[in-house]
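Visitor: I am new to this structure. Could you take me through some of its details?

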Amino acid sequence: MTSDQHQSRLDLAAIRARLEGQRGPQFWRSLEELAETEAFQTLLQQEFPRQSIGLNGSMSRRNFLKLMGASLALAGLTGCTTAPPQKIVPYVRAPENVVPGKPLFFATAMPFNGYGLGLLAESHMGRPTKVEGNPQHPASLGATNSFAQASVLTLYDPDRSQAVLYLGRISTWEAFLGALAGQLQAQRLSGGAGLRILTETVTSPTLAAQIQALLAQFPQARWYQYQPINDDNKFEGARLAFGEPVNTVYRFDQAQRILSLDADFLFDEAGHIRYARDFAERRRVLADRTEMNRLYVAESSLTITGSMADHRWPVRASEIPLLARALAARLGVAGVSDGGLPQGFAAEWLDALVRDLQSARGASIVLAGRQQPPVVHALVHAINQALGNIGQTVIYTEPVEANPVNQTEQLRQLVQEMNAGQVSMLVILGGNPVYYAPADLQFEQALQQKVAFRVHLGLYADETAALCQWHVPETHFLESWSDVRAFDGTASIIQPLILPLYENKSAHELLAAMLGQSGQSTYDIVRAYWQEQNLPGDFEQTWQQAVHDGVVPNSASPTRQVSLRGDAVAQAAAQIGAPPADQLEVVFQPDTTIWDGRFANNGWLQELPKQISKLTWDNAVLLSPATAERLGVTNQDLVELQLGNQRVRGAVWIVPGQANNSVTVTLGYGRVLGGRVAEELGYNAYLLRTTAAPWIATGLALTPTGARYRLAVTQEHYALEGRDLVRAGTLEEFIAHPDFVHAGGAHGPAPAEGEHEPGTAKTEEHIPSLYPEYDYSQGYAWAMVIDLNTCIGCGACTIACMAENNIPIVGKDQVLNSREMHWIMVDQYFAGDLDNPLLYHQPRPCMHCEKAPCEPVCPVNATVHSPEGLNDMVYNRCVGTRYCSNNCPYKVRRFNFFDYQQRDVPVLKLWRNPDVTVRARGVMEKCTYCIQRINQARYQAERENRPIQDGDILTACQQVCPTQAIIFGNVNDPNSQVRRLKDQPHNYGMLAEELGTQPRTTYLAKLRNPNPELRTE
């Protein structure tokens, strides 16, 4: 071992062992609502279920420092933010387009898991503060997801890597270039035989061209790709079905019947935002629009896609191939025979499903999840062909990836070459393979012991950076020029909004240095590539238009005509066998808030409740109620998972709808390096993952340890029982009785014992009011409607609200005390069978009641009503009595017990929205309907001497929503969309009939479209 290797060595295994071993038993009663125990009922009687531990309670020095960390509480202590190198002076002549107080918007794109998402970035005086979807981009259509909304916080994260590191010590870019030049000179003697490039999935045309140019200079060098959430199975399935990889694009807006085989297409597909929009359009039901698509889902773990299903079946992931084979056989796919069904899946269900799919030939979609083996994807291609969907709802195009490969095999080959001593120089461009590489490859040891010169480019000094001699801090996508392709191949120019905050470099700059072109700007590199692509018309004009619009014209991948290899598919299907029925299996899934771990240091995402479990700040071992009962474990029991020789420990969380004998673990936690927020949270599920079973593994052993681990779950907070919060029914009921959600309307399914079921309506009683009557018929009257039929519960609205309104993070301990600060929560309600329940999502912002119970109890008139019907908060009047919160029946008001908004971190001052007050400690906060946006529209309309028009105002939650489930506007305008929705027969106000609060925020009832043949299923 060289001295450099010795100095840079870091025993990550010892760190992991220490973190796992130091989790002492923490006994804590957390009894969920579903159990309805006496302790939980007592908890509900308190406004704040757990009393504050305060800063003098169970808070260690480390936790205090983490709480004060900027990306955790948007505040903190940092010594790494450098002052500007030169003094600044005021404008003598301001730039033409910069107007103080008026934001500018620029088109750009965010690379997410390799694919591009079109954005419009908001800039205040040269600093980006918010992103929105680009309406012209096919992947976003004006919407975004929670990851994009939280990207601004990552940009300003003071834990980001800020300087070039050599052996863990601060160095310079120039010193790195000198070392790099020496290594490359040595590589030229052998044609680059010892040089390897490792990237994640590359869809950037410019980056791919640079890599190819480098390989031309070093013909013996090799380029490998790997990222943990990859599409290996999809590509291998296409090769099996067609003999070549293709990209599949779905047209959900044209699909009447959809079958998802373990595919969460509303969340983790490359085009999930576009798919969610198209899917929701076919579920939007109004009085004069009563057609609705029908969704079937078979999956192992309850997802948001499964929650939207009209029929859902919990099926172990390892048994999905049996279902796919049986379906293909009954649909007449040549050569495929029925080999049996998953346990508990009735034959009559499949028969009804087949008949329904056949009734929508050419207007149906069958798709499989990325975790399913290649044979399932190949069968799905054959099924879609048998149903006549190819060319209609299922489109095949050229692969979007610059080099579509089996990434798992590529990483295996790289490790083999490292162990064989064939790699002397490894350049890792992005990613964190030391953390997330399959455990059986032992990538960490091969990198550390076998590679002499190691370079890592990344946003954070993470686990991989610690084992490389050189670490180069990477630019954020808002700091550098680049390009990227979307799910359908459409290219976008990534336009920076700000110069790099630190000494960051992009992958383009690093590759340019390796090509001997050091000093080129990223703008010149990207522009030069597109100048060689023969864009139509005058290049300069086309280039400027592409940058302005955020879309390169006519750049989508061309469609492909493919031929199904029926014999190969049939032969593969014949090999499908039933998995052992009595063995536990483990399913690996990306985390719904931090994905594969790359967002682990983002406090907004860590505190965002996960879509199904409502868990924050941790991952858990997800079990079905029956499996948990059989194993003798309950919520928050610390258990040990063993798969082969690998072991991890995690806390149990029971999820209704989980398949029996199936354990779901989510990736991205258990970090040992990568930021103060990321470290020491949850357990590292990658330690169980192998190349042989990267997604589904059988033979799992689960052993209780006798210890407990506290999990912070928000679903228990402010629970309201026995009330009609969510009202739901079927499409058939709606057609027969459009006003079924109101008193005297038709009733939904019978409620469970002791429960008032969503779908029923109580008798309306006139409640005398103590409030004076106001006339809101003149002028503007702002209101909101939330369509529960199209809301998928993704949580993007929560993060958008945080980014827009300067809402802070409070940390895990404060979430345990019910002190999260979110102004809009997405609640979930289970109904029906515990093993396979119906799930309802309900966003809950401030209701802006016309007769608001919070207002008369305020002793200082801090919460008041506006002439336009808004429930306003005057922050500088509030003295923190919290009377308004006690009197709010909707529990939508938040009190900042501590000064979560520390103001002594310079870099965080760049993020905050200047149009929204940054609240001091001790005041009440809540949803304001984005009053700053209302006023901006008002000022613009006054300047133009016109009234505010419908669509001029988009609240943050409305603008981000992928399914357009949130509508805001002037209810006094008879032609406004919000007025039309208010007039729908299935529009209702939460608790309006019981309390007479006359909320301005109302809901459209949830509707399902079940198959009449499966009514009793």
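What follows is a set of questions and answers about this predicted model.

Visitor: How many disulfides are there?

Guide: A disulfide needs two cysteine sulfur atoms within 2.5 Å. Cysteine 797 is in no disulfide, as the nearest cysteine sulfur, that of cysteine 794, is 6.3 Å away. Cysteine 801 is in no disulfide either, and the nearest cysteine sulfur to it, that of cysteine 930, is 6.3 Å away. By this rule the count is zero.

Visitor: Is cysteine 801 buried or exposed?

Guide: Buried means under 20% relative accessible area. Cysteine 801 has 8% relative accessibility, so it counts as buried.

Visitor: How are helices H8 and H19 oriented to each other?

Guide: Helix H8 covers residues 205–217 and helix H19 covers residues 507–514. They pack at an angle of about 20 degrees, with their axes 10 Å apart. Angles under 35 degrees count as roughly parallel. H8 and H19 are therefore roughly parallel.

Visitor: How many residues in the contact of H8 with H19 are charged?

Guide: From H8, the residues that meet H19 include Leu207, Ile211 and Leu214. On the H19 side, Leu511 and Met514 are among them. The residues of this contact divide into seven nonpolar and four polar, and the number of charged ones is none: no charged residues.

Visitor: Which residue has its C-alpha atom 5.7 Å from that of leucine 622?

Guide: Leucine 622 is in strand S21, residues 621–623. At 12% relative accessibility, under the 20% cut-off, leucine 622 counts as buried. Leaving aside neighbours within four places in sequence, its contacts include Ser301, Trp653 and Val655. The C-alpha at 5.7 Å belongs to a residue 32 places apart from leucine 622 along the chain, isoleucine 654.

Visitor: What is the phi of asparagine 113?

Guide: Asparagine 113 is in the loop between strand S1 (104–112) and strand S2 (115–124). Asparagine 113 is buried, with a relative accessible area of 8%. Most residues other than glycine have a negative phi. In asparagine 113 phi is positive, near 55 degrees.

Visitor: Where does asparagine 661 lie, and what is its relative accessible area?

Guide: The phi of asparagine 661 is also a positive value, near 60 degrees. Asparagine 661 lies in the loop between strand S23 (646–654) and strand S24 (662–666). Asparagine 661 is buried, with a relative accessible area of 16%.

Technical notes: Residues are numbered from 1 along each chain as its sequence is written. This is a predicted model: local features need pLDDT of at least 70, side-chain atom pairs count only at pLDDT 80 or more; totals for chains, interfaces and linings use all residues. Side-chain values use heavy atoms; hydrogens and water are left out. Buried means under 20% relative accessible area, exposed over 50%, partly exposed in between (1.4 Å probe, protein chains only). Axes are lines fitted to C-alpha atoms, for helices over the stretch in contact, and angles run from 0 to 180 degrees between N-to-C directions. Helices (H or I, at least four residues) and strands (E, at least two) are DSSP runs, numbered from the N terminus. Angles under 35 degrees count as roughly parallel, over 145 as roughly antiparallel, 65 to 115 as roughly perpendicular and the rest as oblique. Contact means heavy atoms within 4.5 Å. Ala, Val, Leu, Ile, Met, Phe, Trp, Tyr, Cys and Pro count as nonpolar, Asp, Glu, Lys and Arg as charged, and the others, Gly among them, as polar.
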